[in-house]
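Subject: Structure for your review

Dear colleague,

Please find below the structure that I am handing over to you.

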Amino acid sequence: MKKSVLTRYRVMAYVTGVLLIALCLGMIAKYVLEMDGAADFTQVVSIAHGWLYVVYLIFAFDLGSKAKWPVKKQLWVLLAGTVPTAAFFVERRISRELDAKVAGAEPVAAKA
């Protein structure tokens, strides 16, 4: 598996996570605090998050396919972009796991 597959997943996980947090804050500002301009902000952020979440799904699915994850793990990663802050924790866990797998595989490949 190429390092670029993991990198693009990581970037989209952070982008999706940040936009989802911004959307939650915008919703609080709109409905709880009734701030002016919050409606426009939430509209823009929700559209951006929606489209970029689709890109996140594509990249996460590509990563899971190349890493040969079971379906349950794949769904766990795909849904992480829908829960505020979950994308950050899942991304970190997946990155550590795949980095360890790649680091463990490199010496074996170098010997061959």
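In what follows, a residue is called buried when its relative accessible area is under 20%, exposed when that area is over 50%, and partly exposed in between. Tyr 14, at 36% relative accessibility, therefore counts as partly exposed. Please note that this is a predicted model.

Overall architecture

The protein holds four helices and zero strands, and from the N terminus on its elements run α-α-α-α. Along the principal axes, the C-alpha trace spans about 65 × 20 × 20 Å. The radius of gyration is 17 Å, whereas a compact globule of 112 residues would have a value near 13 Å. Of the 112 residues, 34% count as buried. Among contacts between residues at least 6 apart in sequence, 66% join residues at least 24 apart.

Nonpolar cores

The largest nonpolar core comprises 18 residues. Those with the most contacts inside this core are Tyr 9, Tyr 56, Leu 63, Trp 69, Val 77, Ile 94 and Leu 98. Two or more residues are contributed to this core by each of α1 (3-32), α2 (38-67), α3 (71-79) and α4 (86-111). Apart from this core lies another, of five residues, among them Leu 19, Leu 20, Ala 22 and Val 45.

Which residues does Ile 94 contact, once its neighbours within four places in sequence are left aside? Ile 94 is in contact with Tyr 9, Leu 63, Trp 69, Lys 73, Trp 76 and Val 77.

Aromatic pairs

The structure holds three aromatic pairs. One of them joins Tyr 9 and Tyr 56 in a tilted arrangement, with 5.8 Å centre to centre and 35 degrees between the planes. Because Tyr 9 lies in helix α1 and Tyr 56 in helix α2, this pair ties together parts that are 47 residues apart in sequence. Both Tyr 9 and Tyr 56 are buried.

Tyr 14 and Phe 88 form another tilted pair, at 5.6 Å centre to centre and with 45 degrees between the planes. This pair links distant parts of the chain, Tyr 14 being in helix α1 and Phe 88 in helix α4, 74 residues apart. Phe 88 has a relative accessibility of 21% and so counts as partly exposed, as does Tyr 14 at 36%.

Salt bridges

Five salt bridges are present in the structure. Lys 3 forms one of these with Asp 99, and the closest N and O atoms are 3.0 Å apart. Since Lys 3 lies in helix α1 and Asp 99 in helix α4, the pair ties together parts that are 96 residues apart in sequence. Lys 3 is exposed, with a relative accessible area of 54%, whereas Asp 99 is partly exposed, with 29%.

Glu 97 forms a salt bridge with Lys 73, with the closest N and O atoms 2.3 Å apart. Here, too, distant parts of the chain are linked: Glu 97 is in helix α4 and Lys 73 in helix α3, 24 residues apart. Glu 97 counts as partly exposed at 31% relative accessibility, while Lys 73 counts as buried at 19%.

Within helix α2, the side chains of Asp 62 and Lys 66 meet in a salt bridge at 3.3 Å, N to O. Because Asp 62 and Lys 66 are four residues apart in this helix, about one helical turn separates them. Asp 62 counts as buried at 18% relative accessibility, and Lys 66 is partly exposed, with a relative accessible area of 43%. Arg 8 belongs to a network of salt bridges together with Asp 62 and Lys 66.

The buried residues of α3 are Lys 73, Gln 74, Val 77 and Leu 78. Seen down the axis of α3, these buried residues fall within an arc of 135 degrees, so they line one face of the helix. An α-helix has 3.6 residues a turn, so residues three or four places apart point the same way. The face of α3 turned away from the buried side carries the exposed residues Val 71, Lys 72 and Leu 79.

Yours sincerely

Key:
Residues numbered from 1 in each chain as written. Predicted model: local features only at pLDDT ≥ 70, side-chain atom pairs only at ≥ 80, totals over all residues. Heavy atoms only, no water. Core = buried A, V, L, I, M, F, W, Y, C linked by side-chain atoms within 4.5 Å. Buried < 20%, exposed > 50% of the residue type's maximum accessible area, 1.4 Å probe, protein only. Contact = heavy atoms within 4.5 Å. Phe/Tyr/Trp six-rings, centres within 6.5 Å; stacked < 30°, edge-to-face > 60°. Salt bridge = Lys/Arg side-chain N within 4 Å of Asp/Glu carboxyl O. Arc of directions from axis to C-beta. Rg over C-alpha atoms; globule rule 2.2 N^0.38 Å.
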